[in-house]
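The following note sets out a number of points on the model shown below. Each point may be checked against the coordinates.

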Amino acid sequence: MDIVFSRLGDNEARFVLEGVSDGFANSFRRAMMSEVPTLAIEDVRIYDNTSVLFDEILASRLGLIPIRTDLSTYRLPSRCECGGAGCPRCYTVYTLSVEGPCMVYSGDLVPRDPAASPVHDRIPILRLFENQKLVLEARAVLGKGKEHSKWQPTIACGYKHYPVITIDDRCDGCGMCVDECPRGRLANGKGKARVIPERLELCLLCRLCEKACKRGGIGSEPAIRVDEERSRYIFNVEGDGSLPVREIIKEALLHLKESTRSLLESLDEIAGGTSDEESE
Ligand code: SF4
Ligand code: SF4
Ligand SMILES: [Zn+2]
């Protein structure tokens, strides 16, 4: 298995994964979305809410605010030494006290742990009018995207097969495929269409170029063919800022490794049990 990164920033990554099956590529994608824990607000104690918004809608909005997460500081409640009862290792607290008229933003939440502040300060929560007030305390815990999407660390996470484009000798350089390509993936040169190598990964696999070529009257088969390379994938991952994308990728791979190890141990146990029974 090979991974080659063409982009790796704090919040986005693009890379080519090679030498794996469709099943592995999809498991990897799902692990990044659903198995990497992040902090999100789970419990809200509302002391005063004279705004026009119901408490339940307000709590739901608070839960969707991305929170900076340090996985070396916090643990999942189910794996915490407190047994999930609640301790500083498995939850953190925010207070909010605002009087109108004003817009209440995510930055108005005052965190007990400054390292676990909202990723963005200007996410609007609600508008308070004259004489309206909002006072609350919120508790954030680690959770996984498979329980609720508010714990997903990614806002986009997908892959496609690596494109393979071939142009045969029937091409007369009419340029119709070049004009049709929405990604500027093709160009004309020396009386024949050609592929621009540095834009290869941008190809949408939409096959509009094939259709344009056929419309030009070349026959039932186009001179340009778009195929997909099996076992080679282009991944695009965009994080919500709660964790660096590098950490999302690493944690997802560790999850897959751990799941595989557990499965192997279970198989060993079953095999051991079977041979014990047979020898009796
Ligand atoms: S498949 Fe679509 S994006 Fe790719 S080269 Fe053809 S027209 Fe362009
Ligand atoms: S549309 Fe077909 S014939 Fe025209 S340039 Fe493209 S591949 Fe060549
Ligand atoms: Zn705890």
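Which residue in E8 is the bridge partner of Val44? The partner is Ala138, and point 5 places this pair in its sheet.

1. Basis. The model is predicted, so that local features need pLDDT of at least 70 and side-chain atom pairs count only at pLDDT 80 or more, whereas totals for chains, interfaces and linings use all residues. Residues are numbered from 1 along each chain as its sequence is written, and chains are lettered from A and ligands numbered from 1 in the order in which they are written.

2. Domains. The protein chain is assigned domain 1 (2-34 + 155-238) and domain 2 (38-150); such bounds come from an automatic or database domain assignment. The centres of the two domains, taken over C-alpha atoms, are separated by 42 Å.

3. Sheet E1-E2-E12-E9. Four strands in this order make an open sheet with antiparallel pairing. Strands are DSSP runs (E, at least two residues), as are helices (H or I, at least four), numbered from the N terminus; two strands pair if DSSP finds at least two bridges between them. Strand E1 (2-8) and strand E9 (154-167) each have a single partner strand, so one side of each lacks a neighbour in the sheet. On average, neighbouring strands of this sheet are turned by 30° against each other, direction ignored. Six bridges join E1 to E2, with Arg7 opposite Arg14 in E2, and a hairpin connects E1 to E2 through three residues. Strand E2 (residues 12-18) pairs with strand E12 (residues 224-239) over seven bridges, again in the antiparallel sense. Leu17 stands opposite Tyr233 in E12. Helix H1 (residues 22-34) packs on the sheet and touches E2, E9 and E12; its direction makes about 155° with that of E9. Contact requires C-beta atoms, placed from the backbone, within 7 Å. Axes are lines fitted to C-alpha atoms, for helices over the stretch in contact, and angles run from 0 to 180 degrees between N-to-C directions.

4. A residue is buried if 20 or more other C-beta atoms lie within 10 Å of its own, exposed if 12 or fewer, and partly exposed in between, with C-beta atoms placed from the backbone.

5. Sheet E3-E8-E4-E6. This open sheet also has four strands and antiparallel pairing. E3 is joined to strand E8 (residues 133-143) by 10 bridges, and Val44 pairs with Ala138 in E8. H2 packs on this sheet, touching E3 and E8, and its direction makes about 150° with that of E3.

6. Glu56. This residue lies in helix H2 (residues 55-63). Glu56 counts as exposed because it has 10 C-beta neighbours inside 10 Å. Its C-alpha atom is separated by 39 Å from that of Lys160, 104 residues apart along the chain.

7. Ligand surroundings. Of the 15 residues around ligand 1, Cys181, Arg185, Cys203, Cys206 and Cys209 come nearest. Around ligand 2 there are 15 residues, of which Cys171, Cys174, Cys177, Ala193 and Cys213 come nearest. Here a residue is near a molecule if its C-beta atom, placed from the backbone, lies within 6 Å of it. Helix H3 (176-180) and helix H4 (208-215) each supply at least two residues of the shell around ligand 2.

How values were computed: Two residues are in contact if their C-beta atoms, placed from the backbone, lie within 7 Å.
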